[in-house]
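Please keep the sequence and the 3D view at hand while reading.

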Amino acid sequence: MASKKTLLVMAAALAVAFLPALAAATEHTVGDGSGWTLGFDYAAWAETKQFKVGDTIVFKYSNPKHTVVEVGGADFAACTKPADATVMRTGEDRVTLDAPGRRWFVCSVGKHCQNGMKLKIIVVDAGAAPAPAPWSPSPASNPADVEGDFGALVPGSPSTAPAPASGPAAGVNGHRPCFGGRGGWRCRFGRRAGVLGLF
């Protein structure tokens, strides 16, 4: 009876050890609801995703209108298909991301690649920390908030960020150019920063 319990405990421990790796894999449908088609900004789409080893990308499209071809960086830039390239044509092509690094995909039909039907992604190790979210300005409750965040960009507006008395963090003209908190990072640039070539 003790051996059955030991076996059960070992099986549970193995399941717990491997579940995070299985749960961490993500399936990314290229282009989300739009799929693999003309007239979609795949570069912008890829910037909003983090691709990890073990994830799968799925190209959904109307067959035979499109194809998926994995190419190298030079062929991606030139929109060329190497003679020995594998052309995927199922309409729901799945690619497992099995190693970290850059991956490039194009549609080889007509001039589709030249018209933007191409995708470049960067695959990171599965254990890598999540990429920081793209920066977006925090909504301003009134125009004074915007002036307070970026006021020095407006001629005649002083930079009002508090600063330490001395040291490298004091910044230009005694003001810290950037500071952060729970709401993200904000930067202020005084007139002297521009004169000194700091931006």
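Which residue in β7 does V69 stand opposite? V69 stands opposite V106 in that strand. The model is predicted, so local features need pLDDT of at least 70 and side-chain atom pairs count only at pLDDT 80 or more, whereas totals for chains, interfaces and linings use all residues. Residues are numbered from 1 along each chain as its sequence is written, and side-chain values use heavy atoms, with hydrogens and water left out.

**Sheet**

Helices (H or I, at least four residues) and strands (E, at least two) are DSSP runs numbered from the N terminus, and two strands pair if DSSP finds at least two bridges between them. Strand β4 (residues 68–71) runs antiparallel to β7, to which three bridges join it. Both belong to an open sheet of five strands with mixed pairing, in the order β2-β8-β7-β4-β5. The edges are taken by β2 (51–52) and β5, each with a single partner strand, so one side of each is left without a neighbour in the sheet.

**Cysteines**

A disulfide is here a pair of cysteine sulfur atoms within 2.5 Å, and by this rule the count comes to one. The bond joins C79 and C113, whose sulfur atoms are 2.1 Å apart. Because C79 lies in the loop between α3 (73–78) and β5 (87–88) and C113 in the loop between β7 (101–106) and β8 (118–124), the pair ties together parts that are 34 residues apart in sequence. The torsion about the S-S bond is about -70°, so the disulfide is left-handed. The sulfur of C107, by contrast, is 8.2 Å from the closest cysteine sulfur, that of C113, which is too far for a bond. C107 counts as buried (under 20% relative accessible area; exposed is over 50%, partly exposed in between; 1.4 Å probe, protein chains only), its relative accessibility being 2%.

**Salt bridges**

With a salt bridge taken as a side-chain nitrogen of Lys or Arg within 4 Å of a carboxyl oxygen of Asp or Glu, the whole structure holds five. The table gives some of them.

| Pair | N to O distance |
|---|---|
| R94 and E27 | 2.2 Å |
| R94 and E92 | 3.8 Å |
| D98 and R103 | 3.6 Å |

E27, E92 and R94 are linked in a network of salt bridges. R94 is partly exposed at 45%, as is E27 at 46%.
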